[in-house]
Amino acid sequence: MKMISIDCVNMIQKLEGCSLTAYWDVNGYSIGYGHHSNVNKDDKITKEQALTLLVFDLFNFVVAVNNYDTKYHWTQNELDALVSFAYNCGVGNLKNLTKNGTRTKEQIAEKILEYN
């Protein structure tokens, strides 16, 4: 299985921003870089805990993107971009973006712009 780069983690941290106290978003209470599981409204964490939660959360999205690697043979940049996309938009939208593995890389590159 291919893994994301440190550049990917850094990019997601920068794009997501970090809240060390729980906040409400469309998915319920979140904390850190958008972590949702078992978060209560009064929760507080450290920066180190936020990074640990992010890396833990990203693993599921790495697996989802890697499910398509046998067809696409992602480059590191493609893998990083698609993990970031899936983290933000969800695995369901990753399936839609790739049309469950039936689109070409060129078609995926065109379609991803529709999510902006």
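These legends go with a few close-up views of a predicted model. In this predicted model, local features need pLDDT of at least 70 and side-chain atom pairs count only at pLDDT 80 or more, while totals for chains, interfaces and linings use all residues. Residues are numbered from 1 along each chain as its sequence is written, and side-chain values use heavy atoms, with hydrogens and water left out.

**View 1. Tyr72 and Trp74 form a stacked pair.** Searching the whole structure turns up four aromatic pairs (Phe, Tyr and Trp rings, the six-membered one for Trp, with centres within 6.5 Å; planes under 30 degrees apart are stacked, over 60 edge-to-face, the rest tilted). Here the ring centres of Tyr72 and Trp74 are 4.6 Å apart and the planes meet at 20 degrees, so this pair counts as stacked. Tyr72 is buried at 6% relative accessible area, and Trp74 is buried at 5% (buried is under 20%, exposed over 50%, partly exposed in between; 1.4 Å probe, protein chains only).

**View 2. Phe85 meets Tyr115 edge-to-face.** Their ring centres lie 4.9 Å apart with planes at 90 degrees. The pair ties together distant parts of the chain, 30 residues apart: Phe85 sits in helix H4 (residues 76-89), Tyr115 in the segment after helix H6 (105-112) (helices are DSSP runs of H or I, at least four residues, numbered from the N terminus). Phe85 is buried at 8%, whereas Tyr115 is partly exposed at 33%.

**View 3. Helix H5 (residues 91-98) and its buried residues.** Leu94, Leu97 and Thr98 are the buried ones. They pack against helix H2 (47-66), helix H3 (69-72), H4 and H6 (contact is heavy atoms within 4.5 Å). Just past H5, Lys99 adopts a positive phi of about 50 degrees.

Key:
Helix = DSSP H or I, 4+ residues; strand = E, 2+ residues; numbered from the N terminus.
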